[in-house]
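Good morning, and thank you for coming. Please look at the sequence and the structure on the screen while I take you through them.

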Amino acid sequence: MKALLQTSAVVILASAVSSSAFAYEDQLGVTVTLGYSGIFGDTRLPPHGASAGVGISYGLGDTWELRGRADYTFFFTRAHRGALTADLVYLIDVLSFVPYVGLSVGGALSSVDADALAPSELRGDLVVGAVVGGDIMLDRSWTLGFEIRPYVMPLHFASEPLNLAALLRVQRLIEL
């Protein structure tokens, strides 16, 4: 028991005095994402879709990252959505694992086909949401991660109460 307490004390002390790992500080990141997007709640829109995106990011310091994203979602059978968003993300650097949380804001353009004979409805909207995820640093140049992105469309909240995307992401980091 004494050895366990001594080992625990050494680990706690070492972690308290260790320096930050600076996961993305002063690095440019190029990201590709792929995953699922769904609309939850009472909606006339198709509730399930496949999502893909690309992004660019910059590490503002050892704990903050600014990201820009372009996403495309195909809601199965009759809807398409393109979105451009900006994220401000807080990084919690734990050596080779980097969990993060952040806020997202942007705009979306959606096309919804009423049916085979009717013309498409085209609409723009504001996108406001959050991002929660984590990256595994494969080395100082590549990460592999997963993120959850809940978001709302304030201008069409009645028809889309909650949107949720679950994405796998691959990122290439470039030292600046």
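Val-30 stands opposite Ile-56, a residue of strand 2. The two strands concerned, strand 1 and strand 2 (residues 48–59), run antiparallel and are joined by 11 bridges. Two strands count as paired if DSSP finds at least two bridges between them.

Before I continue, a word on the source. This is a predicted model, in which local features need pLDDT of at least 70 and side-chain atom pairs count only at pLDDT 80 or more, while totals for chains, interfaces and linings use all residues. Residues are numbered from 1 along each chain as its sequence is written, and side-chain values use heavy atoms, with hydrogens and water left out.

How many helices and strands does the chain have? There are 1 helix and 8 strands, and from the N terminus their order is α-β-β-β-β-β-β-β-β. The 8 strands make a closed barrel that runs 1-2-3-4-5-6-7-8, with antiparallel pairing. On average, neighbouring strands of this sheet are turned by 25° against each other, direction ignored. Here the axes are lines fitted to C-alpha atoms, for helices over the stretch in contact, and angles run from 0 to 180 degrees between N-to-C directions.

Most residues other than glycine have a negative phi. Asp-26 is not a glycine, yet its phi is positive, at about 55°. Asp-26 lies in the loop between helix 1 (2–17) and strand 1 (27–40). Buried means under 20% relative accessible area, exposed means over 50%, and partly exposed is in between, with a 1.4 Å probe and protein chains only.

By that definition, 36% of the 176 residues of the chain count as buried. One of the buried residues is Thr-33, at 3% relative accessibility. Thr-33 lies in strand 1. Leaving aside residues up to four places away in sequence, Thr-33 touches Ser-51, Ala-52, Gly-53, Arg-69, Asp-71, Leu-167, Leu-168 and Arg-169. A contact means heavy atoms within 4.5 Å. Among the contacts in the chain with a separation of 6 or more, 58% are between residues 24 or more positions apart.

A salt bridge is a side-chain nitrogen of Lys or Arg within 4 Å of a carboxyl oxygen of Asp or Glu, and the structure holds 10 salt bridges. Which residue forms a salt bridge with Arg-81? The partner is Glu-160, with the closest N and O atoms 2.7 Å apart. This pair links distant parts of the chain, 79 residues apart: Glu-160 is in the loop between strand 7 (142–152) and strand 8 (162–175), and Arg-81 is in strand 4 (residues 79–91). Glu-160 is buried, with a relative accessible area of 0%, and Arg-81 is buried as well, at 5%.

Glu-147 forms a salt bridge with Arg-169, where the closest N and O atoms are 3.8 Å apart. Glu-147 is in strand 7 and Arg-169 in strand 8, 22 residues apart. Glu-147 is buried at 0% relative accessibility, and Arg-169 is buried at 2%.

Asp-71 and Arg-69 also meet through their side chains in a salt bridge, at 2.8 Å from N to O. Asp-71 is buried with a relative accessible area of 15%, and Arg-69 is buried at 9%. A network of salt bridges links Glu-65, Arg-67, Arg-69, Asp-71, Asp-87, Asp-135, Glu-147, Arg-149 and Arg-169. Thank you for your attention.

Technical notes
Helix = DSSP H or I, 4+ residues; strand = E, 2+ residues; numbered from the N terminus.
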